[in-house]
Number of protein chains: 2
Amino acid sequence: MTASATQGTLTSAENTRGKHNFSAGPAVLPEAVIRRVQQDIWDIDGSGIGIMEHSHRGPVVDGVWERTEAACRKLANISDDYAIMYLQGGASTQFSMIPANLLPEGGTADYINTGAWSQKAIKEAKLYGTPHLAASSEDSNFDHIPTDLKCSDKPAYLHFTSNNTIFGTEFSDEPACPEGTFLVCDASSDIFSKPIDVSKYGVIYAGAQKNLGPSGVTLVIMRKDIAERCERTLPSMGMYKTHAENDSRYNTPPVFGVYVMGVVFEWILENGGLKGMAIRNAAKAQAIYDVLDAGFYKPHAKTGSRSMMNITFNCPSDDLNKVFLKEAQANSFDGLKGHRSVGGIRASVYNAFPAAGCQALAQFMRDFAQKNG
Amino acid sequence: MTASATQGTLTSAENTRGKHNFSAGPAVLPEAVIRRVQQDIWDIDGSGIGIMEHSHRGPVVDGVWERTEAACRKLANISDDYAIMYLQGGASTQFSMIPANLLPEGGTADYINTGAWSQKAIKEAKLYGTPHLAASSEDSNFDHIPTDLKCSDKPAYLHFTSNNTIFGTEFSDEPACPEGTFLVCDASSDIFSKPIDVSKYGVIYAGAQKNLGPSGVTLVIMRKDIAERCERTLPSMGMYKTHAENDSRYNTPPVFGVYVMGVVFEWILENGGLKGMAIRNAAKAQAIYDVLDAGFYKPHAKTGSRSMMNITFNCPSDDLNKVFLKEAQANSFDGLKGHRSVGGIRASVYNAFPAAGCQALAQFMRDFAQKNG
């Protein structure tokens, strides 16, 4: 048993603070995790020193590193063929770091365009080579996941965004990867929300601030042979191999963020693992989609492409959207305003969002529809 | 009065946890700050949501941003001619970001080499232009701050490391800046430990993990006309103007780190400001230097170049170094092992390190010298 685990069980998500936090990210954390963090920033592992104040090369942080990596590998059954890295700068930094390291000069990489984050990734890739659009759902304002891929000949990689926070769509399965290349996935907003076969991927990256922890740390899971590559001369901090070879401690890493992520991994393990998350998340989302399917509301995402993480919809009119959001806020439903690209309402219900909050929102939505229908 | 300030006064540094934490960084934080953070990660500003879980574009984080910037400007009297940015990747990322943005193709920038961190900065600059060595103390293992500068003709900037964590040396004043250029300072390990005239600088950058907060956020203070420059085509995240124009919220910033830094700024303000820190830090360091000057121990840094933040010394023999460190650890003095470049002992006594800890170490050192002298 780890030192951390001896400090008390990380029980399931609760909501004793009264607010339903539907923020799209940074997002709600399990209350049991926050309670643990409150203790450990004062004194972790009986060291007499808080987690923010320990040397990143000392024995306590060594322990945090070991626990975090072990929990991450256990969660998603990640083999030793993959490096696990904790980087900084969010997915936005990965958008350029991926092609800078992995797209040869003059080379082509394939991208699936499923929304704003895919578009940003494509924009940054243009600095290094030629991104090829393998598929796009832009014509219908990204209301579905395109399935008909037209890949280029021997792309360096195929990049996709597994869940689209703004539009509320999600890949239910990985896209078919052309032979001789590998998948690169921006999984920022659905990582570890369901089982994943990591062996199908070359690279998975995710900003922590939706399903994993606070903003300021990016989880990168990368096949080790890919992490060793570097297609051009880059600054030390811009090369994956710098971080892979130094166990994410080439320079001072974001220790606190990594530590919280590790506690979240333990929380997931203690609450059914990825299978448990998937069952819980599906039931949570279904409670809201059931209301959308009963009429009145207009869901944005097409059936079959619906996200389990971000549920996007409009009321019958913009005026009603405004009334909805105002009344929701007054009823302790926070963070429901949709992104301007879709408008209306967005309910973000990541791993740590409690099931009771989804049921409460569904009831509020039914009442609102009845009153205004 | 800010919402945060109503939550209780941030009283001076205390040590109720029993350990003297001399870590070189990440380093000790004021206990009053940690107590505030414990509360705010559960529920900040009465929002019913913790600081790690709020949208970076919502009103609570707006408030944190405003308070943090206001406190930072007040602390060091920073005018509106300067942008204040919160970046990621530590000083190690600034080592390349500075020349990438500010050193023209084929241009020259001047560097003062005062140790390992200066050397890393010089190494990264070579990717973009020609760093010119204006001065160096490498010949004497960086035991002093060189004062005789030989600058190049019209350098893009003059870069220096104001405090050298590993060697225990510190600039007492800014180096003379050649006309027509500007100073760039890596102030990671002495920022806000004493008054600073920001108007003398073009750029000041500092990883937070020594004097300002947890690792994972870098404070960058940059003259606005410099922040608008960009000498080459760079990824969005690699350009200062991206962050300056978007108030450090182009993408999801490290909200928690910025928040803690803001509370530390308030703690400094409530404890005498930079003048108060300087008086306190000088007395703290003097208590230890007095013991070094009494014989037995061998201080590394020359008088006149001594750091108020990191005090480096050896015992008369390597064997005695080992005994010293072992006995120190047994007496709750933590993190005293020196860096391998200097060996022996290093006491890091940043702003938040309590004066009583310095007195306790001085007494321990006197006793040890008497016993082994």
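Modeller: Happy to! A salt bridge here is a side-chain nitrogen of Lys or Arg within 4 Å of a carboxyl oxygen of Asp or Glu. By that rule, one salt bridge crosses the interface of domain 1 of chain A and domain 2 of chain A. K302(A) pairs with D143(A) in a salt bridge whose closest N and O atoms are 3.4 Å apart.

Some ground rules: this is a predicted model, where local features need pLDDT of at least 70 and side-chain atom pairs count only at pLDDT 80 or more, while totals for chains, interfaces and linings use all residues. Residues are numbered from 1 along each chain as its sequence is written, chains are lettered from A, and side-chain values use heavy atoms, with hydrogens and water left out.

The domain bounds, which come from an automatic or database assignment, are 51-269 for domain 1 and 273-372 for domain 2 of chain A. Their centres, taken over C-alpha atoms, lie 28 Å apart. With contact meaning heavy atoms within 4.5 Å, domain 1 of chain A brings 28 residues and domain 2 of chain A brings 25 residues.

Putting the two domains together buries about 2,100 Å², and carbon and sulfur atoms give 56% of that area. Buried area is the accessible area (1.4 Å probe) that two parts lose on being put together, summed over both.
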